[in-house]
Amino acid sequence: MDIQGIIALDKKYYMNTFGQRLPVAFEYGKQSTLYDKEGKAYTDFVSGIAVNVLGYGHPALVEAIVSQAQKLIHCSNLFYIETQAEAAKLLVENSCGDRVFFANSGAEANEGAIKLARKYFRDKGMNKYEIITAVNSFHGRTLAALAATGQEKYQKPFIPMPPGFKSVPFNDLKAVKNAITDNTCAIMLELIQGEGGVIEATHEYVKGVEQLCRETGILLILDEVQTGMGRTGKLFAYQHFDIQPDIITLAKGLGGGVPIGAIIAKENVASAFEPGSHGSTFGGNPLACAAAIAVITTLLNEGLIDRCAQMGQHFKQRLTCLKNKYSFIKDVRGKGLMLGMELDPSVSGKEIVNAALDQGYIINCAGHNTLRFLPPLVVTRQEIDGLIDTLDGIFKRIAEEA
Ligand code: PLP
């Protein structure tokens, strides 16, 4: 089927939640490159929104999926599952957590984390249920995750939101302190707000929030759905800060493209989940966990996380050179291969995304008119330089037209 045929089917049969999609359908990918139906190549700087950390067709991931699919794709959580136990062990051995629960998406991992935090205090006989989150955060589209999301535009069409969530300005420790009540059970944060426009939490803020949690007994939940799995140059972004969260949520890169989410928690918190507290039909199934094992071991064994830090440094430096050249670039920020370039409101980020796509580069525009770059961690220096040259050309034209 050609692209026009696919678009016609989509328009007729698919719910229109994604509006006007970019008019391309991909057929296959290799490393950091995607190919459309006509064979045109696109270098991918979005990775399915921080999902395809190993790029496309990585032999370790493909082999793990194929070999698990030949044996057993799914079996219920009524039984013990070898790949689930092994994937949990890997996450625990490489984080500050002690136990894992597998879900199927980021929103679902966050829902589980919210339940876990409430149950932790309920078991102590305390009625603490309120979660403080940050303005401009993004935690997912299910109802509680949406209530945690500090962006009214996503919530408004679905009010009333589930009660028990309060969002306060990001990077404002005083605002967090003032929002704490006797009912507060957790503070839930992204360390880099991804969807909100690649906005980094400051060191003082993160350390201050951790200290607040330790002083008050409130739990610290870090949503590492986007920042996790090596994306920022460490396996988890919290490892940049010398802190120990009580709960971490993951998804996106964890399965390298196979849907899987996870909650990692400290033992004292994790033990609040008892038989019957939580569950999932698909969560942690043999296939998804085989993929997660392949992703984690490949990231660790092939030096991809250090490589991400190095490539990220080069990429950020080249983006900063563009910022010094064009006055409509307001800021360059981010860590590792999670980078953002904020543009003046007079320049359309969406038009730049379209122009880059025409020239064979996939980029994305997130909150605050910010171009967001999330390439696979296997991206090469040449690919980064290619994108920079392409952006330079697009920016030059914009500057001339202004
Ligand atoms: N949390 C963060 C930080 C995210 O960036 C996202 C998705 O963009 C989510 C949660 C929701 O994840 P999912 O779309 O897998 O439900």
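A: Gladly! Let's begin with a cut-off: a residue counts as buried under 20% relative accessible area, as exposed over 50%, and as partly exposed in between. Keep in mind that this is a predicted model.

Q: Is Tyr13 buried, partly exposed or exposed, and why?

A: Tyr13 counts as exposed because its relative accessibility is 61%. You will find Tyr13 in helix 1, which covers residues 3–13.

Q: Which residues make a nonpolar surface patch?

A: Met1, Leu9 and Tyr13 make one, with an area of about 370 Å².

Q: Now the helices. At what angle do the axes of helix 4 and helix 11 cross?

A: For a pair of helices, look at the distance between axes, the angle and the handedness. Here helix 4 (residues 82–93) and helix 11 (residues 286–301) have axes that come within 8 Å and cross at roughly 30 degrees. The crossing of helix 4 and helix 11 is left-handed. On the helix 4 side, the contact involves Thr83, Gln84, Glu86, Ala87, Leu90 and Leu91. Helix 11 contributes Pro286, Cys289, Ala290, Ala292, Ile293, Ile296 and Thr297.

Q: On to charged pairs. How many salt bridges are there?

A: A salt bridge here is a side-chain nitrogen of Lys or Arg within 4 Å of a carboxyl oxygen of Asp or Glu. By this rule there are 17 salt bridges. Take Arg21 and Asp10 as a case: their closest N and O atoms are 3.0 Å apart. Arg21 sits in the loop between helix 1 and strand 1 (26–30), while Asp10 is in helix 1, so the pair ties together parts that are 11 residues apart in sequence. Arg21 counts as partly exposed at 39% relative accessibility, and Asp10 counts as partly exposed at 25%.

Q: Where do Glu93 and Lys89 lie?

A: Both are in helix 4, 4 residues apart, which is about one turn of the helix. Lys89 is exposed, with a relative accessible area of 51%.

Q: Which parts of the chain does the pair of Asp385 and Arg318 link?

A: Asp385 and Arg318 form a salt bridge whose closest N and O atoms are 3.1 Å apart. This pair links distant parts of the chain, 67 residues apart: Asp385 is in helix 14 (residues 381–401) and Arg318 in helix 12 (residues 304–325). Arg318 is partly exposed, at 24% relative accessible area.

Q: Which residues do salt bridges with shared partners join into one network?

A: Those are Lys119, Asp123 and Glu274.

Note on methods. Residues numbered from 1 in each chain as written. Predicted model: local features only at pLDDT ≥ 70, side-chain atom pairs only at ≥ 80, totals over all residues. Heavy atoms only, no water. Patch = residues over 30% accessible without salt bridge, like charges linked within 9 Å, V, L, I, M, F, W, Y side chains within 5 Å. Areas by Shrake-Rupley, 256 points an atom, 1.4 Å probe, with all protein chains shown as cover. Helix = DSSP H or I, 4+ residues; strand = E, 2+ residues; numbered from the N terminus. Buried < 20%, exposed > 50% of the residue type's maximum accessible area, 1.4 Å probe, protein only. Axes fitted to C-alpha atoms, helices over the stretch in contact; angles between N-to-C directions. Left-handed = near helix turned anticlockwise from the far one by under 90°. Contact = heavy atoms within 4.5 Å.
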